[in-house]
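Let us read this fold together, feature by feature. Please look at the sequence and the model before the dialogue starts.

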Amino acid sequence: MYNTKKITEDIYWVGANDRRISLFEGVYDVPLGVSYNSYIILDEKTVLLDTVDKVVAHQFFENVEHVLNGRKLDYLVINHMEPDHCAELESIVTKYPDVKIVCNAKTQSMISQFFDFSISQDQFVIVKEGDTLETGKHKLMFVMAPMVHWPEVMVTYDTEDKILFSADAFGSFGAIDGNIFADEVDFEHRYMDEARRYYTNIVGKYGPQVQALLKKAAAIEINMICPLHGYVWRKDLNIFIDKYQKWSAYEPEIKSVLIAYTSVYGNTQNAAEILSGELAKLGVKDIKMYDASVTHPSYIVSDAFKYSHIVFATTTYNMGIFVNMENLLHDISAHNLQNRKIAIIENGSWAITAGNLITEIVSKWKNTEIIGNKITVKSSLKSTQREEIEALAKEIVKTIK
Ligand code: FEO
């Protein structure tokens with residue numbers, strides 16, 4: 001049975017939710033599920049904006065058929081070719097053989113990479129930056145957004161209703177639980193962390209490209225943002241746009257300390273716990289700690305974008321950095337994190353190498369500084385070292401204030 005949602009008088013959400021997905025992109029757990037958003041504009045011409053992932057195809061086609069209500073589909077706009085949005089392209093063309101595919105040249109070449117079926121050249125409407133498509137009352141303008149998240153990405157701006165169909169930008173993990181608009185749910189408490197985790201892990205590497213899109217968006221009036229995942233924004237857009245400004249500029253949201261540790265027998269954790277207590281005594285609020293062997297890196301990457309200061313505490317292992325910490329550090333590096341203050345705690349019972357190896361990795365992060373003296377734990381923290389930890393806490397706090 002169809003499950004559609006009205007966005008405006010003539011625009012409908014025809015997407016679907018997946019709450020059984022075990023790993024999004026084969027990597028990220030999504031405890032709140034995920035939505036694959038697709039939209040239809042019912043104008044003199046009918047327009048479908050993007051399709052969905054194949055796992056929700058059945059629901060999607062029921063939705064599309066219901067909204068079209070016997071009308072033919074005139075246009076399919078492809079904003080993003082990733083299979084979580086374009087998996088049903090071939091099925092759409094099969095079902096609506098007269099549909100025109102509106103996309104850019106990069107998208108057109110990707111279609112032949114992902115699909116084997118042939119589409120005649122005259123079935124394509126190839127668009128470039130600023131091109132428009134009139135569908136009756138609505139006029140759609142296409143704006144290129146390369147690397148937000150793939151090179152072919154574009155966004156579509158409805159100049160009539162001033163709606164931005166924003167592709168992956170302004171999306172979030174989390175299924176749509178009945179309501180469709182972000183202002184109808186407690187987005188800040190229920191979804192903002194998942195929105196950050198989605199942004200930082202999926203698009204976080206491409207901050208400059210997101211900044212370029214935000215610059216283009218600032219030049220147009222936007223009443224509503226319709227992303228490909230998560231809720232539709234029609235109120236207080238600046239709350240989310242401001243977050244995107246910070247995330248894409250690698251600017252921390254809060255001045256506080258994130259501590260990520262790994263610990264084989266609890267001694268590294270002990271040092272990390274003592275440091276966190278000293279920071280708290282000195283007035284640092286909202287300190288966050290993760291055992292990087294327990295928590296998936298996507299959550300720690302997300303908080304690394306949120307916090308101004310990060311402490312890495314880990315063991316030397318196989319003459320290197322303990323494997324889960326090494327993985328985390330490489331993951332954060334791959335997402336281009338910048339502008340952070342870092343402190344290090346290392347542990348080892350012989351030939352301690354972890355601290356220097358962390359320094360090597362972190363020193364490649366732009367505008368990032370290692371602060372205080374590295375704490376070296378030899379097997380377990382000794383009472384004589386408490387002063388060292390207190391001193392490190394003071395150094396950290398100095399740079400917070
Ligand atoms: Fe939701 Fe880049 O795909």
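Q: In β13, which residue is the bridge partner of Y157?
A: The partner is L164. Strands here are DSSP runs of E, at least two residues long, and helices are runs of H or I, at least four long, both numbered from the N terminus. Two strands pair if DSSP finds at least two bridges between them. β12 (residues 154-158) and β13 (residues 163-165) are joined by three bridges and run antiparallel.

Q: What should I know about the model and the numbering?
A: The model is predicted, so to speak, with limits: local features need pLDDT of at least 70, side-chain atom pairs count only at pLDDT 80 or more, and totals for chains, interfaces and linings use all residues. Residues are numbered from 1 along each chain as its sequence is written, and side-chain values use heavy atoms, with hydrogens and water left out.

Q: In what order do the five strands of the open sheet lie?
A: The order is β10-β11-β12-β13-β14, and the pairing is mixed. β10 (132-134) and β14 (224-226) are the edge strands, each pairing on one side only. From one strand to the next, the twist averages 20°.

Q: How do β7 and β8 run, parallel or antiparallel?
A: Parallel: three bridges join β7 (residues 75-77) to β8 (residues 100-103). Y75 stands opposite K100 in β8. β8 also pairs with β9 (residues 124-126) in the parallel sense, over three bridges. There, C103 stands opposite I126 in β9.

Q: How are two packed helices described?
A: By the angle between their axes and the distance between the axes. Axes are lines fitted to C-alpha atoms, for helices over the stretch in contact, and angles run from 0 to 180 degrees between N-to-C directions. Take α9 (residues 267-281) and α13 (residues 386-400): they pack at about 50°, with axes 9 Å apart. That angle makes α9 oblique to α13. Under 35 degrees counts as roughly parallel, over 145 as roughly antiparallel, 65 to 115 as roughly perpendicular, and the rest as oblique.

Q: Is the crossing of α9 and α13 left-handed or right-handed?
A: Right-handed. A crossing is right-handed if the near helix is turned clockwise from the far one by less than a right angle, and left-handed if anticlockwise.

Q: At what angle do α6 and α8 pack?
A: At about 40°, with the axes of α6 (residues 192-203) and α8 (residues 237-248) 11 Å apart. The two are therefore oblique to each other. Their crossing is right-handed.

Q: How many cavities of 30 Å³ or more does the structure hold?
A: One. On a 1 Å grid over the protein atoms alone, a cavity is a set of points where a 1.4 Å probe fits but cannot get out; a pocket is an open set with protein on both sides within 12 Å along at least five of seven lines; lining residues have an atom within 4 Å of a point. Points are joined across faces, edges and corners, and a volume is the space filled by probe spheres set on them. The largest cavity holds about 30 Å³. Its lining includes D50, H80 and C86.

Q: How much space lies in the largest pocket, and what lines it?
A: About 300 Å³. The lining has 17 residues, with T315, T316, G348, S349 and W350 nearest the centre. α9, β17 (307-317) and β19 (341-348) each give two or more residues. β17 gives the most, three.
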